[in-house]
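Here's a quick briefing for anyone meeting this structure for the first time. Have a look at the sequence and the model, then read on.

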Amino acid sequence: MVADPPRPQVLPANEHCRERWRNGLGWTRQIVAWPGGGRWDWRLSVAEIEKAAAYSPFPGIDREQVLLEGQGLRLRFDDGRTVELHSPGGRARFAGEDAVAGEPVDGRVVALNLMWRRDMIDAEVLHRPLVGPMLFFADEEETWLLFMRSGQGRFDAASGLPAMAQGDAAVLAAPARRRFLLDGGGELLAMRLRLRTPG
C-alpha cells in the first residue's frame, strides 16, 4: 500500500501531542510524522529535557537537534565524543544508531528534533530571519517543514494556509510544483526534505 503524500498544513503549538520517549526518560511533543503510523520516513518533534537522559536508538535514521530554550545542552556519545549546543540555536547532526545522552548544562532545555530515513531522504536545516516575504517551492520530490521559533507570519491567499505564531509548525508539500509565500517578522527554522534519487 502506497502512503498518501503529505498535505500542506499549519500545525498550531497547542495541538502538538506530548508523549513519553520510547525509553521513558523524557518527554516529546510530536509535531508531525509522515507517513503516519509506526513506520515513518520523517518526523518532527520537540524534546523537553530536565535532567541527563539517554536518547532512544533509531536504526537507519539520521537526526538533527536544534536548541530552542535553555542555557545549553551537552551531548555525550559512548565513543567519547562530546558536543555542546549553545543558545540560541546551537545544533548537532548525528546518526540514530549512536549511543548518546543529553545533559542540560544549567536547568531545563527544549530542543527541536528532525529525523529522517537516510536511505530515502536528504535533509537540510536552515535557520533564517523572517523579515518580510519568503518564498518556498514544493513538489513531488521536495517537502518543506517550517518551525516558527519566534515572531509570526502569514501565508498569502494563494497558499491557502492560516497564519503562524511562535511555536507553530507548517508542512509545505504538493504533488506538482507549487509556490508558498510566507510574510512576517521573527525567526524561522526551515527544513528541506528531498527524496533521494535511486542509484
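In what sense do strand 6 and strand 9 pair, and over how many bridges? They pair in the antiparallel sense, over 5 bridges, with strand 9 covering residues 91-95. Keep in mind that this is a predicted model.

**Strand 6 and its partners**
- Within the pairing with strand 9, Glu 64 has Arg 93 as its bridge partner.
- Strand 6 also pairs with strand 11, again in the antiparallel sense, and here there are 8 bridges.
- On the strand 11 side, Arg 117 is the bridge partner of Ile 61.
- Strand 6 is mostly tucked away, as 8 of its 9 residues are buried.

**The largest nonpolar core**
- This core has 24 residues, and Ile 31, Trp 42, Leu 44, Leu 112, Leu 114, Phe 147 and Met 191 are the ones with the most contacts inside it.
- The top contributor is strand 11, which gives 4 residues.
- As a general rule, nonpolar side chains in soluble globular proteins tend to be buried together.

**A closer look at Leu 112**
- Setting aside neighbours within four places in sequence, Leu 112 is in contact with residues including Ile 31, Leu 44, Val 46, Phe 147, Leu 189 and Met 191.
- Its contacts also include Glu 64, Gln 65, Val 66 and Leu 68.

**A second core**
- There's another, separate core of 18 residues, and among them are Leu 130, Met 134, Ala 138 and Phe 155.

Conventions:
Residues are numbered from 1 along each chain as its sequence is written. This is a predicted model: local features need pLDDT of at least 70, side-chain atom pairs count only at pLDDT 80 or more; totals for chains, interfaces and linings use all residues. Side-chain values use heavy atoms; hydrogens and water are left out. A nonpolar core is a set of buried Ala, Val, Leu, Ile, Met, Phe, Trp, Tyr and Cys residues joined through side-chain atoms within 4.5 Å. Buried means under 20% relative accessible area, exposed over 50%, partly exposed in between (1.4 Å probe, protein chains only). Helices (H or I, at least four residues) and strands (E, at least two) are DSSP runs, numbered from the N terminus. Contact means heavy atoms within 4.5 Å. Two strands pair if DSSP finds at least two bridges between them.
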